[in-house]
Amino acid sequence: MQVQTPDWVKHAVFYQIFPDRFAIGKQPRKRVLNNVSWEDWDATPTLQGYKGGDLWGVLEQLDYLQDLGVNAIYFTPIFQSACNHRYHTHDYYQVDPLLGGNSAFKELLEAAHKRDIKVVLDGVFNHSSRGFFFFNDILENGPHSPWLNWFKIHGWPLAPYTGDLPANYEGWVGNRALPVFNHDNPDVKEYIMEIAEYWLNFGIDGWRLDVPFEIKTPGFWQEFRQRVKAINNDAYIVGEVWEDAREWLDGSQFDGVMNYLFTAPTIAFTAGDRVDIEQVKDRSYQPYPALSAAGYAEKIQQVLELYPWEIQLTQLNLLASHDTARLLTIAGGDRKSVILSTLLLLTFPGAPSIYYGDEVGLPGAIDPDSRRGFPTEANWDKEILKTHRELIALHHAYPCLRIGEYKVLFAEGEVYVFARVLDQQELIVGINVSTTDAKVNVDITNLQSQPNKLLYASDKVELSNQGDSKLLLNIPSRSGCIIG
(Lines give C-alpha, C1' and ligand atoms only; values in the text may rest on other atoms or scores of the structure.)
Protein backbone atom coordinates (compact mmCIF):
# COMPACT_ATOMS: atom_id res chain seq x y z
CA MET A 1 0.00 0.00 0.00
CA GLN A 2 1.04 3.60 -0.55
CA VAL A 3 2.37 5.15 2.65
CA GLN A 4 1.24 8.69 3.44
CA THR A 5 2.38 10.70 6.45
CA PRO A 6 1.81 14.33 7.51
CA ASP A 7 4.18 16.72 5.74
CA TRP A 8 4.34 19.11 8.69
CA VAL A 9 5.92 16.46 10.91
CA LYS A 10 8.86 16.19 8.50
CA HIS A 11 9.65 19.84 9.26
CA ALA A 12 8.82 19.84 12.97
CA VAL A 13 11.02 20.24 16.01
CA PHE A 14 9.10 18.79 18.97
CA TYR A 15 9.35 19.77 22.61
CA GLN A 16 8.07 17.25 25.14
CA ILE A 17 6.39 18.82 28.16
CA PHE A 18 5.53 17.10 31.45
CA PRO A 19 2.84 19.62 32.46
CA ASP A 20 3.24 19.50 36.25
CA ARG A 21 6.94 20.39 35.94
CA PHE A 22 7.42 22.92 33.14
CA ALA A 23 5.97 26.22 34.38
CA ILE A 24 3.42 27.70 36.80
CA GLY A 25 1.32 30.49 35.32
CA LYS A 26 2.13 33.87 36.84
CA GLN A 27 -0.78 35.92 35.51
CA PRO A 28 -3.90 36.20 37.70
CA ARG A 29 -6.29 33.38 36.78
CA LYS A 30 -9.42 31.82 38.18
CA ARG A 31 -8.19 28.60 39.79
CA VAL A 32 -9.95 25.66 41.36
CA LEU A 33 -7.31 25.57 44.10
CA ASN A 34 -5.69 28.78 45.26
CA ASN A 35 -3.99 28.03 48.57
CA VAL A 36 -2.03 24.88 47.85
CA SER A 37 1.20 23.82 49.47
CA TRP A 38 2.90 22.45 46.36
CA GLU A 39 6.03 20.35 46.57
CA ASP A 40 9.04 22.69 46.34
CA TRP A 41 9.78 23.36 42.68
CA ASP A 42 13.52 22.77 42.95
CA ALA A 43 13.35 19.85 45.37
CA THR A 44 13.95 16.28 44.19
CA PRO A 45 10.64 15.04 42.73
CA THR A 46 8.70 12.38 44.57
CA LEU A 47 6.42 9.70 43.15
CA GLN A 48 3.23 11.33 44.41
CA GLY A 49 4.08 15.00 44.87
CA TYR A 50 2.69 17.80 42.72
CA LYS A 51 4.76 20.88 41.88
CA GLY A 52 1.88 22.87 40.41
CA GLY A 53 2.84 23.35 36.77
CA ASP A 54 -0.13 24.24 34.57
CA LEU A 55 -1.14 25.03 31.00
CA TRP A 56 -1.18 28.76 31.71
CA GLY A 57 2.50 28.42 32.51
CA VAL A 58 3.09 26.81 29.12
CA LEU A 59 1.09 29.60 27.47
CA GLU A 60 3.32 32.20 29.09
CA GLN A 61 6.44 30.38 27.85
CA LEU A 62 5.45 30.20 24.18
CA ASP A 63 7.85 33.08 23.41
CA TYR A 64 10.70 31.01 24.86
CA LEU A 65 9.71 27.93 22.86
CA GLN A 66 9.31 29.86 19.63
CA ASP A 67 12.66 31.57 20.12
CA LEU A 68 14.25 28.17 20.69
CA GLY A 69 12.89 27.08 17.31
CA VAL A 70 10.20 24.70 18.56
CA ASN A 71 7.18 24.35 16.27
CA ALA A 72 5.45 21.35 17.85
CA ILE A 73 4.64 20.40 21.45
CA TYR A 74 4.05 16.87 22.68
CA PHE A 75 2.33 16.84 26.07
CA THR A 76 2.39 13.88 28.38
CA PRO A 77 -1.22 13.31 29.59
CA ILE A 78 -3.26 16.36 30.54
CA PHE A 79 -6.57 14.70 31.40
CA GLN A 80 -8.09 14.54 34.87
CA SER A 81 -6.17 12.09 37.02
CA ALA A 82 -5.07 11.37 40.57
CA CYS A 83 -1.33 11.31 39.88
CA ASN A 84 1.22 13.91 38.87
CA HIS A 85 2.08 12.18 35.56
CA ARG A 86 -1.62 11.67 34.71
CA TYR A 87 -1.27 8.28 33.06
CA HIS A 88 -4.06 7.15 35.44
CA THR A 89 -6.97 8.71 33.52
CA HIS A 90 -10.15 9.57 35.42
CA ASP A 91 -12.00 11.45 32.68
CA TYR A 92 -10.93 11.50 29.04
CA TYR A 93 -13.11 14.51 28.26
CA GLN A 94 -11.81 16.81 30.99
CA VAL A 95 -8.42 18.49 31.14
CA ASP A 96 -7.24 18.21 34.73
CA PRO A 97 -8.52 21.21 36.73
CA LEU A 98 -5.07 21.52 38.34
CA LEU A 99 -3.77 22.32 34.84
CA GLY A 100 -6.54 24.87 34.23
CA GLY A 101 -9.23 22.67 32.74
CA ASN A 102 -10.60 22.65 29.20
CA SER A 103 -10.72 26.45 28.99
CA ALA A 104 -7.00 26.81 29.72
CA PHE A 105 -6.19 24.18 27.12
CA LYS A 106 -8.37 25.93 24.53
CA GLU A 107 -6.60 29.22 25.21
CA LEU A 108 -3.19 27.55 24.93
CA LEU A 109 -4.13 25.67 21.76
CA GLU A 110 -5.33 28.81 20.02
CA ALA A 111 -2.23 30.75 21.06
CA ALA A 112 0.07 27.96 19.88
CA HIS A 113 -1.68 27.72 16.52
CA LYS A 114 -1.36 31.47 15.99
CA ARG A 115 2.40 30.89 16.20
CA ASP A 116 2.22 27.86 13.87
CA ILE A 117 3.05 25.55 16.76
CA LYS A 118 1.34 22.16 16.57
CA VAL A 119 0.05 20.36 19.68
CA VAL A 120 0.02 16.58 20.14
CA LEU A 121 -1.65 14.92 23.14
CA ASP A 122 -0.86 11.65 24.91
CA GLY A 123 -3.61 9.06 24.62
CA VAL A 124 -3.67 6.37 27.31
CA PHE A 125 -6.13 3.99 25.70
CA ASN A 126 -4.90 0.60 26.87
CA HIS A 127 -6.02 1.16 30.45
CA SER A 128 -7.75 3.72 32.64
CA SER A 129 -7.43 4.29 36.36
CA ARG A 130 -9.39 2.74 39.19
CA GLY A 131 -10.90 6.21 39.65
CA PHE A 132 -12.36 6.13 36.12
CA PHE A 133 -16.12 6.35 36.61
CA PHE A 134 -17.02 3.17 34.71
CA PHE A 135 -14.56 1.10 36.73
CA ASN A 136 -15.57 2.85 39.92
CA ASP A 137 -19.15 1.74 39.26
CA ILE A 138 -17.90 -1.86 39.27
CA LEU A 139 -16.17 -1.24 42.60
CA GLU A 140 -19.42 0.10 44.01
CA ASN A 141 -21.89 -2.40 42.52
CA GLY A 142 -19.83 -5.50 41.90
CA PRO A 143 -21.38 -8.03 39.48
CA HIS A 144 -24.50 -5.81 39.18
CA SER A 145 -22.56 -3.04 37.38
CA PRO A 146 -23.55 -2.41 33.75
CA TRP A 147 -19.86 -1.76 32.95
CA LEU A 148 -18.57 -5.27 33.75
CA ASN A 149 -17.65 -6.16 30.18
CA TRP A 150 -15.60 -2.99 29.78
CA PHE A 151 -12.77 -4.48 31.82
CA LYS A 152 -11.20 -7.89 32.37
CA ILE A 153 -12.79 -9.11 35.58
CA HIS A 154 -11.65 -12.54 36.77
CA GLY A 155 -13.56 -13.05 40.03
CA TRP A 156 -14.89 -11.50 43.23
CA PRO A 157 -14.31 -9.58 45.37
CA LEU A 158 -12.15 -7.00 43.63
CA ALA A 159 -9.18 -5.72 45.63
CA PRO A 160 -8.06 -2.43 44.06
CA TYR A 161 -6.07 -1.06 47.02
CA THR A 162 -4.52 -3.97 48.85
CA GLY A 163 -1.87 -6.44 47.82
CA ASP A 164 -3.01 -8.94 50.47
CA LEU A 165 -5.77 -10.30 48.23
CA PRO A 166 -5.93 -11.19 44.55
CA ALA A 167 -6.91 -8.17 42.45
CA ASN A 168 -9.35 -10.33 40.48
CA TYR A 169 -9.07 -8.04 37.47
CA GLU A 170 -6.36 -7.33 34.95
CA GLY A 171 -4.18 -4.32 35.65
CA TRP A 172 -1.50 -3.14 33.24
CA VAL A 173 1.75 -4.96 34.17
CA GLY A 174 -0.08 -6.12 37.31
CA ASN A 175 -0.67 -2.59 38.56
CA ARG A 176 -4.03 -2.48 40.38
CA ALA A 177 -4.23 1.27 39.80
CA LEU A 178 -4.50 0.69 36.03
CA PRO A 179 -7.41 -1.59 35.04
CA VAL A 180 -7.05 -2.74 31.45
CA PHE A 181 -9.88 -2.09 29.00
CA ASN A 182 -11.57 -4.99 27.22
CA HIS A 183 -10.91 -3.77 23.68
CA ASP A 184 -12.81 -6.72 22.20
CA ASN A 185 -15.99 -5.11 23.49
CA PRO A 186 -17.33 -2.99 20.58
CA ASP A 187 -18.63 -0.38 23.03
CA VAL A 188 -15.14 0.10 24.48
CA LYS A 189 -13.62 0.43 21.04
CA GLU A 190 -16.24 2.97 20.01
CA TYR A 191 -15.70 4.94 23.23
CA ILE A 192 -11.98 5.25 22.56
CA MET A 193 -12.51 6.20 18.91
CA GLU A 194 -14.91 8.95 19.98
CA ILE A 195 -12.38 10.33 22.48
CA ALA A 196 -9.82 10.59 19.69
CA GLU A 197 -12.34 12.30 17.43
CA TYR A 198 -13.53 14.70 20.13
CA TRP A 199 -10.09 16.19 20.78
CA LEU A 200 -9.25 16.36 17.08
CA ASN A 201 -12.43 18.38 16.59
CA PHE A 202 -11.34 20.46 19.59
CA GLY A 203 -8.27 21.36 17.55
CA ILE A 204 -5.34 19.13 18.50
CA ASP A 205 -2.89 18.08 15.79
CA GLY A 206 -2.32 14.45 16.69
CA TRP A 207 -2.00 11.65 19.22
CA ARG A 208 0.95 10.02 20.89
CA LEU A 209 -0.27 6.55 21.89
CA ASP A 210 0.81 5.05 25.19
CA VAL A 211 1.79 1.33 25.05
CA PRO A 212 -0.26 0.71 21.88
CA PHE A 213 1.34 -2.72 21.42
CA GLU A 214 -0.73 -3.95 24.37
CA ILE A 215 -3.96 -3.63 22.37
CA LYS A 216 -4.30 -6.89 20.46
CA THR A 217 -7.84 -6.54 19.08
CA PRO A 218 -7.61 -7.14 15.29
CA GLY A 219 -8.17 -4.01 13.23
CA PHE A 220 -8.22 -1.66 16.24
CA TRP A 221 -5.41 0.65 15.16
CA GLN A 222 -6.40 0.47 11.50
CA GLU A 223 -9.84 1.81 12.41
CA PHE A 224 -8.26 4.38 14.74
CA ARG A 225 -6.18 5.71 11.84
CA GLN A 226 -9.15 5.81 9.47
CA ARG A 227 -11.27 7.78 11.88
CA VAL A 228 -8.50 10.17 12.91
CA LYS A 229 -7.52 10.89 9.31
CA ALA A 230 -11.18 11.37 8.33
CA ILE A 231 -11.28 14.37 10.65
CA ASN A 232 -7.78 15.68 9.93
CA ASN A 233 -5.71 13.95 7.27
CA ASP A 234 -2.65 15.81 8.58
CA ALA A 235 -3.06 14.60 12.16
CA TYR A 236 0.04 12.85 13.49
CA ILE A 237 -0.28 9.36 14.98
CA VAL A 238 2.87 8.28 16.84
CA GLY A 239 3.15 5.18 18.98
CA GLU A 240 5.25 4.39 21.99
CA VAL A 241 7.07 1.35 20.63
CA TRP A 242 10.64 0.96 21.89
CA GLU A 243 11.84 -1.77 19.56
CA ASP A 244 11.28 -2.96 15.98
CA ALA A 245 7.95 -1.37 15.04
CA ARG A 246 7.41 -2.72 11.53
CA GLU A 247 4.17 -4.36 12.68
CA TRP A 248 2.65 -0.90 13.22
CA LEU A 249 4.48 1.07 10.52
CA ASP A 250 3.05 -0.48 7.38
CA GLY A 251 1.12 2.66 6.48
CA SER A 252 -2.21 1.41 7.83
CA GLN A 253 -1.70 2.33 11.50
CA PHE A 254 0.88 4.82 12.82
CA ASP A 255 2.86 7.58 11.10
CA GLY A 256 5.86 6.89 13.32
CA VAL A 257 7.03 5.74 16.72
CA MET A 258 9.21 7.15 19.46
CA ASN A 259 12.50 6.18 17.86
CA TYR A 260 14.45 4.59 20.70
CA LEU A 261 16.27 2.52 18.06
CA PHE A 262 17.99 5.82 17.21
CA THR A 263 18.36 6.87 20.85
CA ALA A 264 20.29 3.87 22.10
CA PRO A 265 23.16 3.71 19.58
CA THR A 266 23.49 7.49 19.49
CA ILE A 267 24.13 7.64 23.24
CA ALA A 268 26.36 4.56 23.08
CA PHE A 269 28.50 6.27 20.42
CA THR A 270 28.70 9.79 21.84
CA ALA A 271 28.88 8.96 25.55
CA GLY A 272 30.60 5.60 25.26
CA ASP A 273 32.05 4.31 28.52
CA ARG A 274 30.77 7.41 30.31
CA VAL A 275 27.27 5.91 30.38
CA ASP A 276 26.04 5.41 33.94
CA ILE A 277 24.83 1.81 33.76
CA GLU A 278 22.56 2.29 36.79
CA GLN A 279 20.48 4.74 34.76
CA VAL A 280 19.90 2.41 31.80
CA LYS A 281 19.94 -1.16 33.10
CA ASP A 282 16.69 -3.10 33.04
CA ARG A 283 15.27 -0.61 30.54
CA SER A 284 13.77 -1.34 27.12
CA TYR A 285 16.69 0.19 25.25
CA GLN A 286 20.45 -0.35 25.48
CA PRO A 287 22.64 2.77 25.13
CA TYR A 288 25.68 0.65 26.02
CA PRO A 289 28.24 -0.82 25.55
CA ALA A 290 30.27 1.86 23.78
CA LEU A 291 30.11 1.88 19.98
CA SER A 292 32.89 2.65 17.53
CA ALA A 293 32.12 4.78 14.48
CA ALA A 294 31.79 1.63 12.37
CA GLY A 295 29.51 0.07 14.97
CA TYR A 296 27.36 3.18 15.02
CA ALA A 297 27.19 3.29 11.23
CA GLU A 298 26.00 -0.32 11.19
CA LYS A 299 23.29 0.30 13.80
CA ILE A 300 22.04 3.44 12.07
CA GLN A 301 21.96 1.72 8.70
CA GLN A 302 19.82 -1.02 10.22
CA VAL A 303 17.40 1.59 11.57
CA LEU A 304 17.18 3.35 8.21
CA GLU A 305 16.42 0.09 6.43
CA LEU A 306 13.59 -0.97 8.78
CA TYR A 307 10.82 1.29 7.51
CA PRO A 308 9.67 3.01 4.31
CA TRP A 309 11.38 6.36 3.71
CA GLU A 310 8.07 8.21 4.13
CA ILE A 311 7.86 6.73 7.65
CA GLN A 312 11.52 7.51 8.41
CA LEU A 313 10.76 11.18 7.84
CA THR A 314 8.01 11.19 10.47
CA GLN A 315 9.72 9.16 13.17
CA LEU A 316 9.86 10.93 16.54
CA ASN A 317 13.59 10.96 17.30
CA LEU A 318 14.67 11.56 20.87
CA LEU A 319 17.57 11.35 23.31
CA ALA A 320 15.54 11.22 26.54
CA SER A 321 11.96 11.27 27.77
CA HIS A 322 9.88 11.05 30.94
CA ASP A 323 10.48 7.28 30.80
CA THR A 324 14.30 7.52 30.83
CA ALA A 325 16.95 9.23 32.88
CA ARG A 326 18.06 12.63 31.64
CA LEU A 327 20.68 12.59 28.89
CA LEU A 328 23.22 14.54 30.97
CA THR A 329 22.89 12.08 33.85
CA ILE A 330 23.04 9.02 31.59
CA ALA A 331 26.30 10.44 30.23
CA GLY A 332 27.78 10.72 33.70
CA GLY A 333 27.50 14.51 33.67
CA ASP A 334 29.59 14.85 30.50
CA ARG A 335 28.35 17.96 28.69
CA LYS A 336 30.17 17.16 25.44
CA SER A 337 28.22 13.91 25.17
CA VAL A 338 25.04 16.01 25.28
CA ILE A 339 26.32 18.39 22.61
CA LEU A 340 27.52 15.63 20.26
CA SER A 341 24.34 13.57 20.56
CA THR A 342 22.25 16.71 20.02
CA LEU A 343 24.21 17.33 16.81
CA LEU A 344 23.29 13.83 15.63
CA LEU A 345 19.66 14.31 16.70
CA LEU A 346 19.19 17.52 14.72
CA THR A 347 20.79 16.10 11.56
CA PHE A 348 19.03 12.70 11.43
CA PRO A 349 16.00 11.97 9.21
CA GLY A 350 12.76 12.43 11.12
CA ALA A 351 11.33 14.86 13.65
CA PRO A 352 13.67 15.66 16.58
CA SER A 353 12.08 15.78 20.02
CA ILE A 354 13.64 17.63 22.95
CA TYR A 355 12.62 16.64 26.47
CA TYR A 356 11.89 19.84 28.40
CA GLY A 357 14.98 21.06 30.23
CA ASP A 358 17.50 18.99 28.28
CA GLU A 359 18.23 22.09 26.22
CA VAL A 360 19.48 23.88 29.35
CA GLY A 361 21.40 20.94 30.81
CA LEU A 362 18.85 19.76 33.39
CA PRO A 363 20.11 16.56 35.07
CA GLY A 364 17.97 13.77 36.51
CA ALA A 365 18.21 10.07 37.26
CA ILE A 366 15.49 7.55 36.35
CA ASP A 367 11.94 8.57 37.24
CA PRO A 368 10.72 10.29 39.25
CA ASP A 369 14.01 12.25 39.28
CA SER A 370 13.92 12.71 35.49
CA ARG A 371 10.75 14.74 36.00
CA ARG A 372 12.27 17.73 37.81
CA GLY A 373 10.93 21.25 37.71
CA PHE A 374 12.25 23.32 34.80
CA PRO A 375 15.19 25.30 36.25
CA THR A 376 15.36 29.04 36.71
CA GLU A 377 17.51 30.88 34.18
CA ALA A 378 20.33 31.29 36.70
CA ASN A 379 20.76 27.51 36.58
CA TRP A 380 20.76 27.10 32.81
CA ASP A 381 23.78 25.68 31.02
CA LYS A 382 24.19 28.45 28.46
CA GLU A 383 26.57 26.47 26.23
CA ILE A 384 24.13 23.57 25.86
CA LEU A 385 21.30 26.05 25.19
CA LYS A 386 23.40 27.87 22.57
CA THR A 387 24.10 24.53 20.88
CA HIS A 388 20.39 23.74 20.70
CA ARG A 389 19.52 27.17 19.30
CA GLU A 390 22.20 26.97 16.60
CA LEU A 391 21.43 23.41 15.55
CA ILE A 392 17.66 23.92 15.50
CA ALA A 393 18.15 27.04 13.36
CA LEU A 394 20.26 25.05 10.88
CA HIS A 395 17.68 22.24 10.92
CA HIS A 396 15.02 24.75 9.86
CA ALA A 397 17.28 26.55 7.37
CA TYR A 398 18.37 23.52 5.34
CA PRO A 399 15.67 21.21 3.93
CA CYS A 400 18.29 18.52 3.30
CA LEU A 401 18.66 18.10 7.09
CA ARG A 402 14.95 17.31 7.28
CA ILE A 403 14.09 15.32 4.17
CA GLY A 404 17.40 14.76 2.39
CA GLU A 405 19.06 11.41 1.70
CA TYR A 406 21.44 10.11 4.41
CA LYS A 407 24.86 8.95 3.15
CA VAL A 408 27.65 7.66 5.39
CA LEU A 409 30.99 8.95 4.05
CA PHE A 410 33.47 7.83 6.71
CA ALA A 411 33.25 5.61 9.77
CA GLU A 412 36.58 4.57 11.20
CA GLY A 413 37.93 4.53 14.73
CA GLU A 414 35.89 7.12 16.59
CA VAL A 415 35.21 9.47 13.70
CA TYR A 416 31.87 9.41 11.90
CA VAL A 417 31.08 11.54 8.85
CA PHE A 418 27.90 11.56 6.79
CA ALA A 419 26.11 13.73 4.26
CA ARG A 420 22.50 14.87 3.93
CA VAL A 421 21.64 15.40 0.28
CA LEU A 422 18.56 16.95 -1.33
CA ASP A 423 18.87 17.80 -5.03
CA GLN A 424 21.74 20.30 -5.24
CA GLN A 425 21.81 20.99 -1.49
CA GLU A 426 24.45 18.97 0.34
CA LEU A 427 25.69 19.21 3.92
CA ILE A 428 28.40 17.16 5.62
CA VAL A 429 28.27 16.34 9.32
CA GLY A 430 31.41 15.16 11.11
CA ILE A 431 31.86 13.93 14.68
CA ASN A 432 34.94 12.86 16.60
CA VAL A 433 34.00 11.19 19.89
CA SER A 434 37.62 10.38 20.78
CA THR A 435 39.58 12.15 23.53
CA THR A 436 42.29 12.94 20.95
CA ASP A 437 42.20 15.13 17.85
CA ALA A 438 41.55 13.40 14.54
CA LYS A 439 42.65 14.20 10.99
CA VAL A 440 40.73 12.31 8.30
CA ASN A 441 40.42 12.33 4.53
CA VAL A 442 36.79 12.02 3.50
CA ASP A 443 35.87 10.80 0.02
CA ILE A 444 33.35 13.26 -1.44
CA THR A 445 33.49 11.99 -5.02
CA ASN A 446 29.74 11.40 -5.09
CA LEU A 447 28.88 14.88 -3.83
CA GLN A 448 28.24 17.51 -6.49
CA SER A 449 28.62 20.75 -4.55
CA GLN A 450 31.96 20.02 -2.85
CA PRO A 451 30.99 21.49 0.56
CA ASN A 452 33.78 23.59 2.09
CA LYS A 453 32.13 26.16 4.37
CA LEU A 454 31.90 25.64 8.12
CA LEU A 455 28.30 26.25 9.23
CA TYR A 456 28.62 24.91 12.77
CA ALA A 457 31.44 23.66 14.96
CA SER A 458 31.51 22.83 18.66
CA ASP A 459 35.30 23.42 18.58
CA LYS A 460 37.91 24.77 16.14
CA VAL A 461 37.50 22.45 13.19
CA GLU A 462 39.85 22.87 10.21
CA LEU A 463 38.99 21.76 6.70
CA SER A 464 40.46 21.90 3.22
CA ASN A 465 39.64 20.40 -0.15
CA GLN A 466 42.19 17.98 -1.55
CA GLY A 467 41.22 18.17 -5.20
CA ASP A 468 37.71 17.24 -6.30
CA SER A 469 37.40 13.97 -4.43
CA LYS A 470 38.78 14.45 -0.91
CA LEU A 471 37.94 16.70 2.03
CA LEU A 472 40.57 16.89 4.76
CA LEU A 473 39.01 17.35 8.19
CA ASN A 474 40.90 18.13 11.38
CA ILE A 475 38.31 17.61 14.13
CA PRO A 476 39.38 18.31 17.72
CA SER A 477 38.65 15.76 20.40
CA ARG A 478 35.02 15.35 21.50
CA SER A 479 33.68 17.78 18.90
CA GLY A 480 31.59 17.93 15.77
CA CYS A 481 30.76 20.13 12.82
CA ILE A 482 28.41 20.82 9.92
CA ILE A 483 29.88 21.81 6.56
CA GLY A 484 27.98 23.29 3.64
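Visitor: How much space lies in the second largest cavity?
Guide: About 40 Å³. Keep in mind that this is a predicted model.

Visitor: Which residues line the second largest cavity?
Guide: Its lining consists of Leu327, Leu328, Val338, Gly357, Asp358, Gly361, Leu362 and Ile384. Sorted by class, that lining has five nonpolar, two polar and one charged residues.

Visitor: How many cavities of 30 Å³ or more turn up in the whole structure?
Guide: A search finds two.

Visitor: And what volume does the largest cavity have?
Guide: The largest cavity has a volume of about 70 Å³.

Visitor: What lines the largest cavity?
Guide: Among the lining residues are Leu319, Ala320, Leu327, Val338, Thr342 and Leu345. Ser353, Ile354, Tyr355, Asp358 and His388 also belong to that lining. Two elements, α13 (335–345) and β10 (351–355), each give two or more residues to it.

Visitor: What is the lining of the largest cavity like by class?
Guide: It has seven nonpolar, three polar and one charged residues. Leu327, Val338 and Asp358 line the largest cavity, and these residues are also found in the lining of the second largest cavity.

Visitor: You mentioned a strand. In what order do the strands of the open sheet run?
Guide: The order is β8-β7-β6-β5-β2-β1-β10-β9, which makes eight strands, and the pairing is parallel.

Visitor: Which strands stand at the edges?
Guide: β8 (256–257) and β9 (316–318) do. Each has a single partner strand, so one side of each has no neighbour in the sheet.

Visitor: What holds strands together in general?
Guide: Strands of a sheet pair through backbone hydrogen bonds, and the pairing is either parallel or antiparallel.

Visitor: New topic: aspartate 20. Where is aspartate 20 found?
Guide: In helix α2, which covers residues 19–22.

Visitor: Is aspartate 20 buried or exposed?
Guide: Aspartate 20 counts as buried because its relative accessible area is 1%, and buried means under 20%.

Visitor: What does aspartate 20 touch, leaving out residues up to four places away in sequence?
Guide: Its contacts are Trp41, Gly49, Tyr50, Lys51, Gly52, Gly53, Asn84 and Arg86.

Visitor: What lies 3.0 Å from a polar atom of the side chain of aspartate 20?
Guide: The backbone nitrogen of glycine 52.

Terms used. Residues are numbered from 1 along each chain as its sequence is written. This is a predicted model: local features need pLDDT of at least 70, side-chain atom pairs count only at pLDDT 80 or more; totals for chains, interfaces and linings use all residues. Side-chain values use heavy atoms; hydrogens and water are left out. On a 1 Å grid over the protein atoms alone, a cavity is a set of points where a 1.4 Å probe fits but cannot get out, and a pocket is an open set with protein on both sides within 12 Å along at least five of seven lines; lining residues have an atom within 4 Å of a point. Grid points are joined across faces, edges and corners, and a volume is the space filled by probe spheres set on the points. Helices (H or I, at least four residues) and strands (E, at least two) are DSSP runs, numbered from the N terminus. Ala, Val, Leu, Ile, Met, Phe, Trp, Tyr, Cys and Pro count as nonpolar, Asp, Glu, Lys and Arg as charged, and the others, Gly among them, as polar. Buried means under 20% relative accessible area, exposed over 50%, partly exposed in between (1.4 Å probe, protein chains only). A polar contact is a pair of N or O atoms within 3.5 Å; within protein, one must be able to donate a hydrogen and the other to accept it, and residues adjacent in sequence count only if both atoms are side-chain atoms. Contact means heavy atoms within 4.5 Å. Two strands pair if DSSP finds at least two bridges between them.
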